[in-house]
Amino acid sequence: MISDPPNSPKSVLLIIGGGIAAYKTLELIRQLTKRGIRTRAILTKAAEEFVTPLSVASLTGDKVYTDLFSLTDEAEMGHIQLSRSTGLLVVAPATADLMAKMAGGHANDLATTTLLATDKPVMIAPAMNVRMWQHPATQRNLKQLQADGVTVIGPDEGDMACGEYGPGRLAEPEVIAARIADFFDKSVGNGPLAGRKILVTAGPTHEPIDPVRYIANHSSGKQGFAIAASLAKRGAEVTLVSGPSRLGTPAGVKRIDVMTAAEMLAATEGLLPLDAAIFAAAVADWRVATEATQKIKKREGELPTLSLAENPDILAAISRRAEHRPPLVIGFAAETEQIIENGRAKLAKKGCDWIVANDVSPSSGTFGGDENRVFLLKGEDVEGWPKQGKDAVAESLADRIIDYFEGASS
Ligand code: PMT
């Protein structure tokens, strides 16, 4: 049977993968212990070729787990218990093989089964040969893992054990330990929004015209991603529904990638019930009525006619739901003139509780830029915030959301 979970609230389940860098996890465990973080470890079969269970156990002060089918552990549903009796799962070194298995949802040994069974945040520190790291398959898996809300530390660039140079070295144990400590400091589930399920939409939508062309806008996703990050830092369980964006998923945030407004609506509705929903996405108002199945040909002297159809208004649809309407629904208003007046009109028209109105005229640089000047509209109240970084806008909005829930519960 599995021994009692470490009694420190800061505990890590370290999954050691089978790579040459596995020996560095011994130093990682030391660094974590120094920071008051307890470690329990799983060794993959391949990892046992590089470090022994005995050396790991002597540093963790706990049994080391290696076998999915160990009778004593599995009789008590060992892997489920292992994956839940910890604050965070860390995979180091995350080999190409482990990353592929995680991205594909495989579960054929104790490490992968535990990773699939967990409901806790996961961090990985990849380490592998530079060509393996740069291979499209590994990069595809990396993207998938980030989209699943996995936080990635490193890899570093430098000389490798195989004699090559480039990215693929395990991040320094001290750096990994610092990131883990930082996670516990701002831990998901520990802040004032712990237990709150919150949705954030972000980015543009792409509405296909034909297989190669689409209708879109200049949204980068920065404002929505910053909001998701701020809410997660305050303990909320955040799902980010994002249109196409190059941004990495913020730590502790679950991400659902969508392309079109219709997909964004379906993803949003699939997440109900929620405590709050924030709509920062720049959803295309129109799509073409009928998407061409083949590339539309350019013909001499002839212009194609595109007939448009209206997209669903996601914010209005959620705000006006009779069942499962989130208690707090916040929309954005992207305006190029009369920001407050137009924002107020949107607040009434869409039926949401608050509107964050921002200036998106080309001179403002809001679309794609790092700064934003917003007005928070609540009924008749208007709060004008100075032009500031999108992160700072997100922090202030998260603080207002905390105030709202504290007011609602008092
Ligand atoms: O992504 P960035 O580059 O960081 O830029 C940030 C931003 C400018 C995109 C962001 O701050 C912002 O203003 N987002 C809302 C953009 C927008 O579409 O605004 P709107 O005024 O057209 O729509 C009003 C509200 O209805 C928004 O909350 C929007 O998400 C929502 N909407 C709009 C149309 C639609 N079909 N469905 C919707 O839900």
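**Group meeting: the ligand shell and the salt bridges**

Let me start at the ligand. There are 28 residues around it, and those that come nearest are Ser219, Ser220, Ala281, Lys346 and Asn358. A residue counts as near if one of its heavy atoms lies within 4 Å of the molecule.

A word on the source. This is a predicted model, in which local features need pLDDT of at least 70 and side-chain atom pairs count only at pLDDT 80 or more, while totals for chains, interfaces and linings use all residues. Residues are numbered from 1 along each chain as its sequence is written, and side-chain values use heavy atoms, with hydrogens and water left out.

At lysine 222, a polar backbone atom is 3.3 Å from an oxygen atom of the ligand. At proline 312, a polar backbone atom is 2.9 Å from a ligand nitrogen atom. At leucine 315, a backbone N or O atom is 2.8 Å from a ligand oxygen atom. The ligand taken alone exposes 770 Å², and the protein buries 96% of that. These areas come from the Shrake-Rupley method with a 1.4 Å probe; for residues, only the protein chains shown count as cover.

Which elements give two or more residues to this shell? They are α10 (222-233), α12 (314-319), β17 (328-335) and α13 (339-350). The largest share, four residues, comes from β17. Helices (H or I, at least four residues) and strands (E, at least two) are DSSP runs, numbered from the N terminus. By class, the shell has 13 nonpolar, nine polar and six charged residues. Here Ala, Val, Leu, Ile, Met, Phe, Trp, Tyr, Cys and Pro count as nonpolar, Asp, Glu, Lys and Arg as charged, and the others, Gly among them, as polar.

Next, the salt bridges. A salt bridge is a side-chain nitrogen of Lys or Arg within 4 Å of a carboxyl oxygen of Asp or Glu, and by this rule the count comes to 18.

One of them joins arginine 234 to aspartate 399, with the closest N and O atoms 3.1 Å apart. Arginine 234 lies in the loop between α10 and β12 (237-242) and aspartate 399 in helix α14 (residues 390-409), so the pair ties together parts that are 165 residues apart in sequence. Are these two residues buried or exposed? Arginine 234 is buried, at 12% relative accessible area, and aspartate 399 is partly exposed, at 33%. Buried means under 20%, exposed over 50%, and partly exposed in between (1.4 Å probe, protein chains only). Both residues belong to a network of salt bridges that links Lys233, Arg234, Glu395 and Asp399.

Helix α14 also holds arginine 400. Arginine 400 forms a salt bridge with glutamate 383, the closest N and O atoms being 2.8 Å apart. Glutamate 383 is partly exposed at 26%, and arginine 400 is partly exposed at 22%.

Last, glutamate 172 and arginine 169 meet in a salt bridge at 3.7 Å, N to O. Glutamate 172 is partly exposed at 34% relative accessibility, and arginine 169 is partly exposed at 27%.

Methods:
A polar contact is a pair of N or O atoms within 3.5 Å; within protein, one must be able to donate a hydrogen and the other to accept it, and residues adjacent in sequence count only if both atoms are side-chain atoms.
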